[in-house]
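Colleague: Could you walk me through how to read a ligand site and a helix pair? I'd like the general idea first, then the case at hand.

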Amino acid sequence: MANQRNNLNSVSQNCESESKEYLFKILVIGDLATGKTSFIRRYVHHLFNSHYRATIGVDFALKVVQWDPSTLIRLQLWDIAGQERFGSMTRVYYKDAVGALICFDASKSQSFEAVKKWKEDLDTKVTMPDGSPIPAVLVANKCDLPKHENFSDPSFLDDFCQNNGFVGWYFTSAKDNINIEETASLLISEVLGKVRCSGKQDMDNDCLSIDGVSYIDNKKAHCACRI
Amino acid sequence: MEPGFEDEYDLVVIGTGLTESIVATACSRIGKKVLHLDPNDYYGDLWTSFTFPQLDDWARRHVQLAGGKNLPDNGSQHQQQQQFQSQHNHDQNNPSEKVNNQTSNIGISLSKVNLTAGEMVYPWESGINLISNVEPVSYMINEAPEKQDLDKATEEEEEDVEEADDETEPWTFEKLSTERNWGIDLVPRLLYSRGAMVNLLVSSNICRYLSFRSIERILSCLPGTDELMDVPCTRQDIFNDSYTSLIEKRVLMRFIQLCLELERRPDLIEGFEGFEEQPFIEYLRSKGFTPLLQHLVLNSIAMVDPTTPTQEAMEQLKRFVSSSGRFGNTPFLFPFYGCGEIPQAFCRLCAVFGGTYCLKRTIDGVVAKDDVINSIIVGSQQIKCQNLVCSLSNVPKSLLVPRQVTNISRAIFISSGSVKDSQCAGSLLRFPGPFPILVVESSWASLIAPKGIFVIYAWCDSFTGNAKEDLLPIARKLFNFESGDEMNGKPKLLWSCFYNQATVDCSSITDKYQNLYVTSPPVNELDYDVAIEEAKSIFDTLLPDEEFLPRAPDHDEIVIEGTQTNQEIDLD
Ligand SMILES: Cc1cc2nc3c(=O)[nH]c(=O)nc-3n(C[C@H](O)[C@H](O)[C@H](O)COP(=O)(O)OP(=O)(O)OC[C@H]3O[C@@H](n4cnc5c(N)ncnc54)[C@H](O)[C@@H]3O)c2cc1C
Ligand SMILES: Nc1nc2c(ncn2[C@@H]2O[C@H](COP(=O)(O)OP(=O)(O)OP(=O)(O)O)[C@@H](O)[C@H]2O)c(=O)[nH]1
Ligand SMILES: [Mg+2]
């Protein structure tokens, strides 16, 4: 675990096989009961039930994706922890994220109204290392239910994404497993594009961790630490 | 849609300052149901890190609160004072003003409150203001307004393209305000790398949310001068140091060896060569320490007064030496993004263990029977709770017993250079005296300011009662105030803010309710020992038989309900 944290968003290159590994922190946000947890459960654990007890003590769900023969991606999907859901997330939640899924319930109009707010909030709290906004995909969930009339014309959501800086959107259903993989793939490819062209993020070299490991050898002045 | 809270919690906590956050997290961690509210729209209360615009707002709000009076500035700041007042004026409809405007009306109609025999409803007003004498001043030259407008678009574009330009282009108030990467602390701290906070973060595994940068150097202001010297912290430093003579180097080496020995043999401190109760300065003199060495050891390493008993001073030295060499040259760490990350890291863990968070919210009233609070009222909801923890500023004045308050003087300086030639240093500096002043320099390298910017903090127990009077002499030693005079080698001061922060030990500040616990405001300390001690003591009173912040499992140690991974433990 310590290892993963230290390499957050970074690339570890294996010279022999030319293969690359990435770790991406992805935020899953949106209004109450839009299906954030269900989406993650479906994507990571291939499960759906209509109610679960909250899992206590977890920051994120981890999904390992073999993107192509030479690229392995570890996706950390950060749900809104238990109850930060009143919109009061800590900066710890946003820190170092490289992508986001913003969910709303396509069977109702209500939760869509908050999407813009979530996107604005996201963009003020986290950016890519180069300062650009992190890629975000709009998730129109619960498409197994009858869609609200606002969303019957797909060009409406196309325009909305264009105007609000989303990289794209999907009608999804966590219940019937519709477009879950597609949504994740779209986000991964966007994040990969950004990370690859910005090159390796060097912040981690500059960062000490304090989880009991003492880096006594690492005495260069600019080094940072995780305790 | 306004989501509601649940009807019952074990613990309700008001204020997301560090002490309250530790208590909340410790309770949530061992399975208690916690509701954590804060009337502010940001985490951390006084323990927060602000962006520059947030800080500027905060300062101006406090100036207004105090009647908006500006002490006369000296002539050189005339221009800036004007600027300050004009901002002040168009600030009338500032949205964040609303934050402090809590209504004292109870949102639920009294007939709807469920009262059993003997219960009464009491309104809950926000408490005392701990901040006073706030004086923000901008020293930046503002361009002529027309020129500014014309340049604005191109200026912003250029910013992204070439960061190097920042150094030549003068900083303006607007430019600082549009930058986003800020983490300016109201209550800055450093962590001893083997101190109480680091130990707690490691043992609780909350360290997974934080990262740190080591403080590179300890500076000392040579007596009678404005000159800052690097205090040698390692063997190499001592060898290379140009201030100390060969003999001094040898004395210092031998002394550090002794301190290291103390770590292994704590028994040596007791009965310390007959000096244990004697002033430390006497001991140093007896060992042939020159005035320079005395100055360095007393002020920069032990950080004690000359009259401190030797035994106590040696304990301080032990603390310093045992934290040295763990990560960097000095014993100190500073969090990336600012100290405000620390309370938030606790809150995140609290939430991950089921704690409910809501900012911009506080309680409107309590339902109590005799001296026990049975439930609280939040908006239109009545919520049962077993215990209530509040930070001092969230407790109604009427519940407090009179206490002697300590006043801390604080200052924040934003400059475009380091106090001593460096591109990105983190530094600690202590000015001795009857009221010693601590100075912490942090820089953009800790991701608390845009590239090239330094934020320097100073604080001390107030001796004049006014932060500016206490700290201005130090500011004059460190910074270049006048814009024309850049030849003295000091960094250019861009913005500063002086303020006083009151503190008081709150362990028995109210006797009204037996299940109300009040946490103290930040005290004058460098690390977090006092805050942790207080949080632990409240926790131990609430839950005497429970472990305080046991290690939180990492992701790969937790099983998700319904999956088949078996190396993991189900916590439900
Ligand atoms: C003004 C000042 C001057 C100082 N001058 C000196 C000085 O001249 N010389 C000095 O030694 N200290 C000096 N110190 C103290 C110094 O900063 C550290 O406290 C000291 O280096 C800690 O290391 P240690 O070896 O004594 O103890 P520990 O850190 O407990 O280490 C014990 C032993 O284990 C080794 N070790 C520990 N961890 C590792 C690791 N990860 N990899 C390899 N080896 C490891 C160490 O090298 C050491 O031999 C000074 C402090 C001050 C304030
Ligand atoms: N029909 C249908 N129901 C869904 C779908 N996804 C989620 N739900 C239901 O919607 C409700 C809320 O789902 P959650 O996954 O808990 O939503 P959430 O966004 O995590 O909610 P909070 O954590 O409370 O903010 C549950 O009853 C789910 O069963 C879907 O794709 N189709
Ligand atoms: Mg959920």
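Modeller: A helix here is a DSSP run of H or I with at least four residues, numbered from the N terminus. Bear in mind that this is a predicted model. With that in hand, look at the shell around ligand 2: helix α2 (residues 36–45) of chain A supplies its largest share, 3 residues.

Colleague: Which residues come nearest to ligand 2?

Modeller: A residue is near if one of its heavy atoms lies within 4 Å. There are 19 residues around ligand 2, and those that come nearest are A:Lys36, A:Thr37, A:Ser38, A:Asp144 and A:Ala174. By class, the shell splits into 6 charged, 8 polar and 5 nonpolar residues.

Colleague: And which atoms pair up with the oxygen atoms of ligand 2?

Modeller: For a polar contact, look for N or O atoms within 3.5 Å. A side-chain N or O atom of A:Lys142 sits 2.9 Å from an oxygen atom of ligand 2. A:Gly35 uses its backbone instead, with an N or O atom 3.0 Å from a ligand 2 oxygen. For A:Ser173, a polar side-chain atom is 3.4 Å from an oxygen of ligand 2. As for cover, ligand 2 taken alone exposes 650 Å², and the protein buries 82% of that.

Colleague: Over to the helix pair. At what angle do α1 and α14 of chain B pack?

Modeller: About 20 degrees, with the axes of helix α1 (residues 18–29) and helix α14 (residues 341–352) of chain B 8 Å apart. Angles under 35 degrees count as roughly parallel, so α1(B) is roughly parallel to α14(B).

Colleague: Left-handed or right-handed crossing?

Modeller: Left-handed, as α1(B) passes α14(B).

Notes:
Residues are numbered from 1 along each chain as its sequence is written. Chains are lettered from A and ligands numbered from 1 in the order in which they are written. This is a predicted model: local features need pLDDT of at least 70, side-chain atom pairs count only at pLDDT 80 or more; totals for chains, interfaces and linings use all residues. Side-chain values use heavy atoms; hydrogens and water are left out. A polar contact is a pair of N or O atoms within 3.5 Å; within protein, one must be able to donate a hydrogen and the other to accept it, and residues adjacent in sequence count only if both atoms are side-chain atoms. Accessible areas come from the Shrake-Rupley method with a 1.4 Å probe; for residues, only the protein chains shown count as cover. Helices (H or I, at least four residues) and strands (E, at least two) are DSSP runs, numbered from the N terminus. Ala, Val, Leu, Ile, Met, Phe, Trp, Tyr, Cys and Pro count as nonpolar, Asp, Glu, Lys and Arg as charged, and the others, Gly among them, as polar. Axes are lines fitted to C-alpha atoms, for helices over the stretch in contact, and angles run from 0 to 180 degrees between N-to-C directions. Angles under 35 degrees count as roughly parallel, over 145 as roughly antiparallel, 65 to 115 as roughly perpendicular and the rest as oblique. A crossing is left-handed if the near helix is turned anticlockwise from the far one by less than a right angle, and right-handed if clockwise.
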